[in-house]
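My entries are below, in the order I made them.

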Amino acid sequence: MNESTEIINELLQGLGLDTGFRTDSLSLLEKGESRYLRDLKLNFTSTLTSEQLSTKECALLGLATAVNNNNAPLTAYFTRYAKEQEATAAEIGEAVGCASLLASNNIFYRFRHFTQKEKYTQIPARIRMQLMMKPVTGKEFFELMSLAISAINGCEMCVNAHEDSLVKLGTTEECIFDAVKIASLVTAMGKVVY
């Protein structure tokens, strides 16, 4: 067994997947004996902890990201991990709800931003967002998840609005940075495990 296969097997076992699991992308990395596999494993492992966020918050950010990216294996993994970190069913549901709500918001507000037409900013959105009003995970953490999902989805207007809200709530830039970094690394893993 070559080193690439060993790293893939360790990665899959960590995710709770059978070591025989392969996607086309994983197979190509394995056949090419890519040095990137080591980076991928280390980068993904770093999503599980943060100096700025609790392990439960890391798990919920990972879950929101996996749901946003429609990634079944990572959704299952981060759901288990969140439960292990004592996330409640309501907190887990909120991470899923955040990903879904932000998917619609990101499209809508990105459209408004792209068109730069005053008329579209005057028409009421009429998108229900009760989930944002009193989040069970707390306003600050919900904003962090919203920022991370908005960054993934490429909504500049949403990223700026959520980052501004977080700063006003007293969130450090280091915490904001970690949330986006976690989302980016979970997304990277989702390109090869799906």
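These are my notes, topic by topic.

**Ground rules**

I am working from a predicted model, in which local features need pLDDT of at least 70, side-chain atom pairs count only at pLDDT 80 or more, and totals for chains, interfaces and linings use all residues. Residues are numbered from 1 along each chain as its sequence is written, and side-chain values use heavy atoms, with hydrogens and water left out.

**Overall fold**

I looked up the secondary structure. The chain has 10 helices and zero strands. I take helices (H or I, at least four residues) and strands (E, at least two) as DSSP runs, numbered from the N terminus. The pattern along the sequence is α-α-α-α-α-α-α-α-α-α. The radius of gyration is 18 Å, close to the 16 Å from the globule rule for 194 residues, so the chain is as compact as a globular protein of that length. That radius is taken over C-alpha atoms, and the rule is 2.2 Å times the number of residues to the power 0.38.

I then checked the box. Along the principal axes, the C-alpha atoms fill roughly 60 × 35 × 25 Å. Of the 194 residues, 42% are buried. Here buried means under 20% relative accessible area, exposed over 50%, and partly exposed in between (1.4 Å probe, protein chains only). I also looked at contacts, meaning heavy atoms within 4.5 Å. Among contacts between residues at least 6 apart in sequence, 72% join residues at least 24 apart.

**Cysteines**

How many disulfides does a search of the whole structure find? It finds zero. The cut-off for a disulfide is a pair of cysteine sulfur atoms within 2.5 Å. For cysteine 58, the nearest cysteine sulfur belongs to cysteine 175, 9.2 Å away. Cysteine 58 is buried, at 1% relative accessible area. Cysteine 155 is buried as well, with a relative accessibility of 1%.

**Largest pocket**

I looked up the largest pocket next. Its volume is about 160 Å³. A pocket is found on a 1 Å grid over the protein atoms alone, as an open set of points where a 1.4 Å probe fits, with protein on both sides within 12 Å along at least five of seven lines; lining residues have an atom within 4 Å of a point. Grid points are joined across faces, edges and corners, and the volume is the space filled by probe spheres set on the points.

Which residues line the largest pocket? They are Leu102, Asn105, Tyr109, Met129, Met132, Met157, Cys158, Ala161 and His162. Helix H6 (89–115) and helix H9 (156–168) each supply at least two lining residues. H9 gives the most, with four.

**Positive phi**

Most residues other than glycine have a negative phi. I noted two with a positive value. Glutamate 33 has phi near 45°. This glutamate sits in the loop between helix H2 (24–31) and helix H3 (36–45). Arginine 126 has phi near 55°. That arginine lies in the loop between helix H7 (118–122) and helix H8 (139–153). Arginine 126 is exposed, at 73% relative accessible area.

Leucine 29 is in helix H2. Leucine 29 is buried, at 16% relative accessibility. Beyond neighbours within four places in sequence, leucine 29 contacts Ser4, Ser34, Tyr36, Leu37 and Val192. Serine 4 is 25 residues from leucine 29 along the chain, and their C-alpha atoms are 7.8 Å apart.

Arginine 22 is in the loop between helix H1 (3–14) and H2. Is arginine 22 buried, exposed or partly exposed? Partly exposed, at 26% relative accessibility. With neighbours within four places in sequence set aside, the contacts of arginine 22 include Thr5, Ile8 and Glu30. Asparagine 9 is also in contact with arginine 22, with 9.9 Å between their C-alpha atoms.

**Distances from glutamate 174**

Glutamate 174 is in helix H10 (residues 173–190). Glutamate 174 is partly exposed, at 49%. From C-alpha to C-alpha, glutamate 174 is 14 Å from cysteine 58. Arginine 128, in the loop between H7 and H8, is 31 Å from glutamate 174 by C-alpha atoms. Arginine 128 is exposed, at 69% relative accessible area.
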